[in-house]
Amino acid sequence: MNDCIFCKIIAGEIPSSKVYEDEEILIFKDIQPIAPIHLLCVAKEHFAYLSDLDEARATLLGRTLKKIGELKDSLGLGEGYRVVINQGENAGQTVHHLHLHLLGGTTLPWG
Ligand code: 5GP
Ligand code: ZN
């Protein structure tokens with residue numbers, strides 16, 4: 001966990017452009033955006049995969065999704081957005097701290 005870049009961002013040891021923070025989640029700008037708005041949403045608790053969810057973490061993830069819905073306008077995502085979770089090697093997951101990509105600010109291609 002000590003080597004986790006997102007834990008270091010959460011702890012303030014690595015700078016980031018934070019757009020929302022509360023006691024359990026942090027939302028900040030992706031350093032290499034692939035859409036006009038590209039945010040990362042992380043739980044402050046470190047875990048890497050959906051397969052690491054227990055009941056408490058599943059509830060936290062549900063609250064996180066609810067919060068994103070509540071924040072969509074203030075995040076600039078009111079016209080629509082995509083939520084992406086890359087899991088494992090085939091999906092290209094590079095940071096092994098579960099995170100939600102929030103993509104928006106334009107019409108997003110699909111397929
Ligand atoms: P993954 O490929 O694991 O789903 O996504 C990891 C994301 O984290 C990538 O989009 C990458 O640009 C972003 N990222 C990696 N390192 C940093 C960093 O130090 N700061 C920020 N803000 N984003 C990062
Ligand atoms: Zn972490």
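## Salt bridges across the chain

The side chains of Glu 24 and Arg 63 meet in a salt bridge, with N and O 2.7 Å apart. A salt bridge here is a side-chain nitrogen of Lys or Arg within 4 Å of a carboxyl oxygen of Asp or Glu. The pair links distant parts of the chain: Glu 24 sits in the loop between strand 1 and strand 2, Arg 63 in helix 2, 39 residues apart. Helices (H or I, at least four residues) and strands (E, at least two) are DSSP runs, numbered from the N terminus. Glu 24 is partly exposed at 23% relative accessibility, and Arg 63 is partly exposed at 40%. Buried means under 20% relative accessible area, exposed over 50%, and partly exposed in between (1.4 Å probe, protein chains only).

This is a predicted model: local features need pLDDT of at least 70, side-chain atom pairs count only at pLDDT 80 or more, and totals for chains, interfaces and linings use all residues. Residues are numbered from 1 along each chain as its sequence is written, chains are lettered from A and ligands numbered from 1 in the order in which they are written, and side-chain values use heavy atoms, with hydrogens and water left out.

The structure holds seven salt bridges. One of them joins Glu 21 to Lys 44, with the closest N and O atoms 2.9 Å apart. Glu 21 lies in strand 1 and Lys 44 in the loop between strand 3 (37-43) and helix 2 (55-71), so this pair also links distant parts of the chain, 23 residues apart. Glu 21 is partly exposed at 39% relative accessible area. Lys 44 is partly exposed at 26%.

Glu 70 and Lys 67 form another salt bridge, at 3.6 Å from N to O. Both lie in helix 2, three residues apart, about one turn of the helix. Glu 70 is partly exposed at 47%, and so is Lys 67 at 23%. Salt bridges that share partners also join Lys 18, Glu 21 and Lys 44 into one network.

Asp 22 lies in the loop between strand 1 (18-21) and strand 2 (25-29). Asp 22 is buried yet has no salt bridge; Lys 67, the nearest side chain of opposite charge, is 4.6 Å away. For charge, Lys and Arg count as positive and Asp and Glu as negative; His and the chain ends are not counted.

The Asp 22 side chain reaches the backbone nitrogen of Ile 25 at 2.9 Å. Asp 22 also touches Lys 44 and Lys 67, not counting residues up to four places away in sequence. Contact means heavy atoms within 4.5 Å.

## The zinc site

The zinc ion (ligand 2) has four protein donors: Cys 4 (SG), Cys 7 (SG), His 46 (ND1) and His 97 (ND1), 2.0 to 2.3 Å from it. Donors are N, O and S atoms within 2.8 Å of the metal (3.2 Å for Na, K and Ca); water is not among the atoms, so sites may look incomplete. The site is tetrahedral, with angles of 105 to 116 degrees among its four donor atoms. Four donors count as tetrahedral if all angles lie between 85 and 135 degrees.

The donor residues are spaced C-x2-C-x38-H-x50-H in sequence. His 46 lies in the loop between strand 3 and helix 2 and His 97 in the loop between strand 4 (81-84) and strand 5 (99-104), so the pair ties together parts 51 residues apart in sequence. His 97 is buried, at 0% relative accessibility.

Key: A polar contact is a pair of N or O atoms within 3.5 Å; within protein, one must be able to donate a hydrogen and the other to accept it, and residues adjacent in sequence count only if both atoms are side-chain atoms. Four donors count as tetrahedral if all angles lie between 85 and 135 degrees; four count as square planar and six as octahedral if opposite donors are over 155 degrees apart and all others between 65 and 115; anything else is irregular.
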